[in-house]
Amino acid sequence: MDDNVDKPARKWGFSRRSLVGVGALGLAVPALTAAVTSNSQPARAAGATRKITIYAESLGNNQYGYGLERGKATIPGPILEMYEGDTLEITLVNTTDQRLSIHPHGVDYSTDSDGAPLNASFNNPGETRTYVWRSHEMVAATGRRFRPGSAGYWHYHDHAMGTDHGTAGVLRGLYGALIVRRRGDQLPDKQFVAVLHNTTINNKVAPDTPIFEANLGEITEWIAIGHGDLYHTFHLHSHHWADNRTGYLEGPTDPSASIDNKDLGPGSSFGFQVQAGEGGGAGTWMYHCHVQMHSDTGMSGLFVVRNADGSMPPGAQEAIDRFKGHSHKAASTTDSQSGHGGHTG
Ligand SMILES: [Cu+2]
């Protein structure tokens, strides 16, 4: 392993290979895992700077992606993670013939790391450029008030392809999730990213949308991101979470509402953790946009909760087959490689 894998240290040496069809696939467990022995706290000291390289690449078919290795770009791009107080130094290699950039939400950056043409912060075709994202912990202010820290479920995206707002880059797939954790946050077993983008999820329409998988009881972390020109609502069947930063209540008197459906406008993001199958047990569950017109035209996917031993529960495969057999005009005649992203491009 190398330092380029942008993951905080983890307690578990879990694999993400059981995820199906999501851009976050391919991220490996960092070597730092070995340094953590007794709890979920990061092994690194506060204020660490980590350097990673991200490649922006053409995926053909007028789609583009970010990747941590050459030839490994995905839609969405890799999940980038940091702890409050840390700095991420990103060397963005533009392997394309397009102007592009990387622009984060939720973290601190100077104008030269803005990723916006307004500040002349972008990569010309073929150019390599470094962007620096900083983060901070909660700060005490006057009057018993606090300025929030950077922790949250955020995202990053292109801000320079096509227009000065990166409209073409976002349309074609240049986006991904950014997680800033507070030290002590629980770490998940599995991570899923759903980008509700125009009438697609991750530039795909059902039944080619991601099928996420976990075993009963595993801690799953969901990051939902909105992009494009439409408003969406993210809904997950048979699971609910606290509508706050983490999805968990902080104690028995925490007033956070419990929800299973949340509005998601362009540029917004949220995330939460839930235990797979905690309410309804193992089985195949839907996640989808709850704008009916959007769910009916392909903005839905599956969350397969396997039995605790990894076996398939009764009926789960049948449900997957039923989903795959869905026919609607957007997905009935072509395979997953043949251009559902064309809906957005
Ligand atoms: Cu929608």
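Predicted model: local features only at pLDDT ≥ 70, side-chain atom pairs only at ≥ 80, totals over all residues.
Is S300 buried or exposed? Its relative accessibility is 7%, so S300 counts as buried, because the cut-off for that is under 20%. And what does S300 touch, leaving out residues up to four places away in sequence? The list is I201, A206, T209, Y287, H288 and F323.

First, the metal. Which residues coordinate the copper ion? They are H232 and H294, each through ND1, and C289 through SG, at 1.9 to 2.1 Å. Along the chain, the donors follow the spacing H-x56-C-x4-H. Two of these residues are worth checking for accessibility: C289 is buried at 0% relative accessibility, and H294 is buried too, with a relative accessible area of 7%.

We describe a ring pair by the distance of the centres and the angle of the planes. How many aromatic pairs does the structure hold? There are 18. Take W222 and Y287: their ring centres are 5.8 Å apart and their planes sit at 65 degrees, so this pair is edge-to-face. The pair links distant parts of the chain, with W222 in strand β14 (residues 219–227) and Y287 in strand β20 (residues 283–289), 65 residues apart. Both partners are buried, W222 with a relative accessible area of 1% and Y287 with 0%.

F270 and F272 make another kind of pair, a stacked one, with 6.4 Å from centre to centre and 20 degrees between the planes. F270 and F272 are both buried.

K262 lies over the face of F270, 5.5 Å from the ring centre. Elsewhere, the charged end of R129 sits over the ring of Y131, at 5.8 Å from its centre.

Last stop, a sheet. Four strands form an open sheet in the order β3-β10-β9-β5, with mixed pairing. Why do β3 (80–83) and β5 (103–104) count as edges? Each has a single partner strand, so one side of each is left without a neighbour in the sheet. Further in, β9 (residues 152–157) and β10 (residues 175–181) pair in the antiparallel sense over six bridges. As one example, H155 has A177 in β10 as its bridge partner.

Methods:
Residues numbered from 1 in each chain as written. Heavy atoms only, no water. Pairing = 2+ DSSP bridges. Helix = DSSP H or I, 4+ residues; strand = E, 2+ residues; numbered from the N terminus. Buried < 20%, exposed > 50% of the residue type's maximum accessible area, 1.4 Å probe, protein only. Contact = heavy atoms within 4.5 Å. Donors = N, O, S within 2.8 Å, 3.2 Å for Na, K, Ca; no water. Phe/Tyr/Trp six-rings, centres within 6.5 Å; stacked < 30°, edge-to-face > 60°. Lys NZ or Arg CZ within 6 Å of the ring centre and 35° of its normal.
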